[in-house]
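Visitor: I've got a chain open on my screen and would like a quick tour. Could you take me through it?

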Amino acid sequence: MTENTITIRLRRPKAEVEAKAKPNINAWVNKLIEQALGPRNADWKEHFDRPSSGRKFRYSDKIKRRER
């Protein structure tokens, strides 16, 4: 499990939750959380102060093909 994983215990049958949660359970739960908590305030100072992930971004093959 990652540090962002939260486990919940359902009070309703899993099939009922899956039927209601469209397009998927993750998106549905996140939408419910956003509705309950409201929009987040952007903390730009924290955003720019955190260290880089170290990922290097590259052009996709489709872009390279178009440039040829």
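Predicted model: local features only at pLDDT ≥ 70, side-chain atom pairs only at ≥ 80, totals over all residues.

Visitor: Which elements does the protein chain have, from the N terminus on?
Guide: There are four helices and zero strands in the protein chain. Read from the N terminus, the order of elements is therefore α-α-α-α.

Visitor: Where in the protein chain is confidence lowest?
Guide: Across the protein chain pLDDT averages 82, and 79% of the residues score at least 70. Helix 1 has the highest confidence, at 92.

Visitor: Which helix supplies the largest share of the lining of the largest pocket?
Guide: That pocket holds about 600 Å³ of space. It is lined by 18 residues, and the closest to its centre are I8, L10, I25, W28 and V29. Helix 1 (14-20) and helix 2 (25-37) each supply at least two residues of the lining. The largest share, seven residues, comes from helix 2.

Visitor: How many residues of that lining are charged?
Guide: Lys, Arg, Asp and Glu are the ones that count as charged. The lining of the largest pocket has nine nonpolar residues and three polar ones. The charged residues in the lining number six.

Visitor: Which residues does the cis peptide bond join?
Guide: Look at the loop between helix 1 and helix 2, where P23 lies. Omega is about 5 degrees at the cis peptide bond there, and the residues joined are K22 and P23.

Visitor: What percentage of the residues of the protein chain count as buried?
Guide: To count as buried, a residue needs under 20% relative accessible area. The protein chain exposes about 7800 Å², with carbon and sulfur atoms supplying 51% of that. Of its 68 residues, the share that counts as buried is 4%.

Visitor: Is E16 exposed or partly exposed?
Guide: E16 forms a salt bridge with R12, and their closest N and O atoms are 2.6 Å apart. R12 is exposed, because its relative accessible area of 54% is over the 50% cut-off. E16 has 36% relative accessibility, so E16 counts as partly exposed.

Visitor: By about how much of the helix are K45 and D49 separated?
Guide: The count of salt bridges comes to two, and K45 and D49 form one of them, at 3.5 Å from N to O. K45 is exposed at a relative accessible area of 64%, and D49 is exposed at 55%. Both belong to helix 3 (residues 44-49) and are four residues apart, so their separation is about one helical turn.

Methods. Residues numbered from 1 in each chain as written. Heavy atoms only, no water. 1 Å grid on protein atoms, 1.4 Å probe; cavity = no way out; pocket = protein on both sides within 12 Å on 5 of 7 lines; lining within 4 Å. Points joined across faces, edges and corners; volume = space filled by probe spheres on them. pLDDT = per-residue confidence, 0-100. Buried < 20%, exposed > 50% of the residue type's maximum accessible area, 1.4 Å probe, protein only. Areas by Shrake-Rupley, 256 points an atom, 1.4 Å probe, with all protein chains shown as cover. Salt bridge = Lys/Arg side-chain N within 4 Å of Asp/Glu carboxyl O.
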